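Welcome! Open your viewer, get ready to select residues by number, and follow along stop by stop.

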Amino acid sequence: MRLIAELPHPDCKISIFGMNQKFIIKFEQGNLEQSYKIAEMDIIGGVNGVFDLLDEEFLKTVIDQFALMRQSFNNAYSRYE
């Protein structure tokens, strides 16, 4: 897996990797991460097409999903204690 790009964002770290003719888009926030895989042939314009895919609506959904993930983990952890 090779790092192709990192995108600045105030709420999470965004990295784009290439592996086996796929783009892997990885979002990290603290100890949580989300990743999305898409075939290179499904993206027009290579990595620039990936940048276009990451619009504000999608990024807001990713950030909201982090909040849900954190809440789910915290709920599970409090049951564990």
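Start by selecting Q29, which is buried, with a relative accessible area of 18%; buried means under 20% relative accessible area, exposed over 50%, and partly exposed in between, using a 1.4 Å probe and protein chains only. A word on what you are viewing: this is a predicted model, in which local features need pLDDT of at least 70 and side-chain atom pairs count only at pLDDT 80 or more, while totals for chains, interfaces and linings use all residues. Residues are numbered from 1 along each chain as its sequence is written, and side-chain values use heavy atoms, with hydrogens and water left out.

Stay with Q29 and show its strand: Q29 belongs to strand 3, residues 22–29. Here helices (H or I, at least four residues) and strands (E, at least two) are DSSP runs, numbered from the N terminus.

Now display the side chain of Q29 together with D11 and R70. A polar atom of the Q29 side chain lies 2.9 Å from the backbone oxygen of D11, and a polar contact of 3.1 Å links the side chains of Q29 and R70. A polar contact is a pair of N or O atoms within 3.5 Å; within protein, one must be able to donate a hydrogen and the other to accept it, and residues adjacent in sequence count only if both atoms are side-chain atoms.

Next, colour strand 2. Five of its seven residues are buried, so strand 2 is largely enclosed by the rest of the structure. On one side, strand 1 (residues 2–7) pairs with strand 2 in the antiparallel sense over five bridges; two strands pair if DSSP finds at least two bridges between them. Select A5 to see it opposite I16 in strand 2. Strand 2 and strand 3 also run antiparallel, joined by seven bridges, and S15 stands opposite K26 in strand 3. In the hairpin of these two strands, which has two residues between them, find N20 with its positive phi near 50°.

Which residues does V50 contact, leaving aside neighbours within four places in sequence? Select V50 in helix 1 (residues 47–53) and you will find I16, F23, I25 and I43, where contact means heavy atoms within 4.5 Å. V50 counts as buried, at 0% relative accessibility.

Last stop: the largest nonpolar core has 13 residues, of which I14, I25, F27, V50, L54 and F66 touch the most other members. Strand 2 (13–19), strand 3 and helix 2 (56–80) each supply at least two residues of this core. A nonpolar core is a set of buried Ala, Val, Leu, Ile, Met, Phe, Trp, Tyr and Cys residues joined through side-chain atoms within 4.5 Å.
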